[in-house]
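Hi,

Here is the structure I said I would pass on. Have a look at it first, and my notes come after.

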Amino acid sequence: YVAAQRHAMDDFAPYAFKTTDFGKTWTSIVGNLPKDNYLHAIREDKKRKGLLYAATEKGVYVSFDDGAKWEAMQTNLPPTPVWDLVVHDNDLVAATHGRSFWILDDITPLQQYKPELAQADVHLYTPGPANHTTFGGGFFGSPFSGQNPPNGAVIYYSLKTAIKQEKKPAGAGANGGAAGASPSQAAAGEAKAAAAGSKEQPGAAGEKPSAPQGTAPETAKAEGEKEKPAPVTLEILDQQGKVIRKYPAKRQDSDGGPGEEEGFGRPPERGLPTEAGLNRFVWDMRYEGASRVPRSPLWGGSTDGPQAVPGQYQVRLTVQGKSYTAPLQIVPDTRLKATQADLQKQLDLLLKIRGSVTQAHDAINQIREVRGQIEAMNKRLTGQPQAKAVADAGKALDKKMTEVEEVLIQTKAKSGQDVLNYPIRLNNYLVALGGVVESADTQPTQASIDVYNMLSKQLDEQMAKWKQILATDIPAYNDLVKKQDVPAIVLKKDEDKGQ
């Protein structure tokens with residue numbers, strides 16, 4: 001390939017040629033390039049033959065058919081002379097004259113694009129390999145600093161038409177690509193923020209406590225009412241075909257609460273983009289996180305799930321009931337000395353910690369749910385003859401629950417700095433241990449394993465107490481309320497209403 005220019009002779013036309021016989025003959029591949037936009041360089045993609053990138057005086061163009069037809073790929077690149085291009089790893093780097101270096105991160109969609117994909121209702125691109133090592137950004141930015149590529153596995157998919165999403169919960173957002181026939185046209189609207197930190201409650205290690213008998217949450221959905229499935233979901237499956245992460249994440253009561261994991265939590269989870277054209281979503285390569293407790297700060301760790309180890313995974317995109325799958329590979333960082341076995345041991349311990357945190361937090365949330373219903377019952381019976389007997393029974397039950405709760409969590413901590421005044425409890429010891437275990441890419445130390453075994457034993461003791469309360473004390477409270485013949489509707493007297 002040859003790019004030539006004659007602008008010094010007042011000829012601003014583009015000149016581009018290719019040869020297939022080592023220069024004996026040349027064919028023009030100017031195609032539909034603008035007549036007044038001369039070329040500086042032509043580069044061929046390293047992975048796809050005939051995929052060409054053209055550096056011109058007014059921007060960048062791409063050809064999917066070896067120069068027969070060109071498309072502008074300007075996106076958010078300022079109109080500026082581009083003097084050279086290079087494909088480095090799987091990124092396209094542009095050297096401009098006067099506007100610095102620009103990088104188009106991950107050109108996987110360009111390498112896989114075919115014209116017929118523009119007519120497909122849905123297409124899931126095979127993600128490029130993701131490096132196990134991720135890099136966090138700094139706390140301070142600069143108006144002259146560039147934007148780093150997203151951390152994690154970058155997943156692209158295209159939609160022929162936009163899909164209307166249900167109303168998003170607070171803290172969620174979606175970004176997508178603009179409508180267009182090809183990735184080069186849609187790239188202007190690609191989402192630039194990596195997704196992270198969502199917490200869909202995973203299965204806890206050990207048996208999960210059953211709901212308190214006779215104490216259905218007042219906010220529960222009506223019997224038989226089902227949550228409407230999301231029109232677009234994205235799942236990550238491990239090497240055994242087990243789902244380890246799902247988007248959109250299951251909403252937890254603690255999402256968006258003040259003081260939530262203050263100082264250590266990741267940015268709010270972003271929704272799946274569902275716009276027409278090319279859409280991009282970034283998996284932060286983490287498993288589902290542990291369940292959380294509303295308005296309960298943690299110190300030295302978080303409820304984020306552990307990072308996936310290098311290996312083969314699958315991406316499953318489901319759009320309006322129809323699923324599409326593609327392989328995804330996480331490659332090891334060749335600079336690290338940690339073996340696959342070391343990283344697997346680290347993951348195994350972190351999953352155990354996640355399960356223990358979920359057990360503790362589920363129990364805490366149940367305790368607070370039961371307490372709220374006891375308080376509501378006492379309020380309803382104010383001034384009624386059954387009030388004292390029911391209140392006394394509720395007080396005795398609450399005392400037993402509080403003994404368990406105060407071992408599991410620091411009830412006085414409401415903001416991130418409160419733990420400086422009030423010692424952390426079992427749940428925070430567990431997340432802090434998780435922070436230590438994942439602080440380096442290596443197998444956990446024996447000390448970390450010993451600490452987990454100690455904390456796990458303490459948790460088992462409290463969970464046994466809570467299960468006993470569920471099995472005996474809560475049914476006893478329900479029986480007492482039933483025997484008191486508490487009316488279903490209690491009307492306030494006129495004097496109670498101040499009349």
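This is a predicted model: local features need pLDDT of at least 70, side-chain atom pairs count only at pLDDT 80 or more; totals for chains, interfaces and linings use all residues.

**Sheets**

Let me start with an open sheet of four strands, which come in the order β4-β5-β6-β7 with antiparallel pairing. At its edges are β4 (39-44) and β7 (71-72), each of which pairs on one side only. If you want to look at how β4 is held to its partner, strand β5 (residues 52-56) runs antiparallel to β4, and five bridges join the two.

Strand β9 (residues 91-96) and β10 run antiparallel and are joined by four bridges.

**An aromatic pair**

Searching the whole structure turns up four aromatic pairs. One of them is Y247 with F281: the ring centres are 4.7 Å apart and the planes stand at 65 degrees, so this pair is edge-to-face. What does the pair tie together? Y247 belongs to strand β15 (residues 243-247) and F281 to strand β16 (residues 277-283), so the link is between parts 34 residues apart in sequence. Are these two residues buried or exposed? Y247 has a relative accessibility of 1%, so it counts as buried. F281 is buried too, at a relative accessible area of 4%.

**Helix packing around α3**

Helix α3 (residues 340-380) packs against helix α6 (residues 446-483): their axes come within 10 Å and cross at roughly 25 degrees. Angles under 35 degrees count as roughly parallel, so α3 and α6 are roughly parallel to each other. The crossing of α3 past α6 is left-handed. On the α3 side the contact includes L349, I353, A360, I367 and M377, while the α6 side includes I449, Y452, W466, L470 and V481.

The other helix to check is α5 (residues 426-437), whose axis comes within 9 Å of that of α3, with a crossing at roughly 160 degrees. That angle makes α3 and α5 roughly antiparallel. This crossing is left-handed as well. Among the α3 residues making the contact are Q346, L350, V357 and H361, and among those of α5 are N427, L430, L433 and V437.

**H361**

Finally, a closer look at H361, which sits in helix α3. Which residues does H361 touch, leaving out those up to four places away in sequence? They are S291, R292, V293, T303 and N427. N427 is also one of the α5 residues in the contact with α3. With a relative accessibility of 2%, H361 counts as buried.

Cheers

Note on methods:
Residues are numbered from 1 along each chain as its sequence is written. Side-chain values use heavy atoms; hydrogens and water are left out. Two strands pair if DSSP finds at least two bridges between them. Rings of Phe, Tyr and Trp (its six-membered ring) pair if their centres lie within 6.5 Å; planes under 30 degrees apart count as stacked, over 60 as edge-to-face and the rest as tilted. Buried means under 20% relative accessible area, exposed over 50%, partly exposed in between (1.4 Å probe, protein chains only). Axes are lines fitted to C-alpha atoms, for helices over the stretch in contact, and angles run from 0 to 180 degrees between N-to-C directions. Angles under 35 degrees count as roughly parallel, over 145 as roughly antiparallel, 65 to 115 as roughly perpendicular and the rest as oblique. A crossing is left-handed if the near helix is turned anticlockwise from the far one by less than a right angle, and right-handed if clockwise. Contact means heavy atoms within 4.5 Å.
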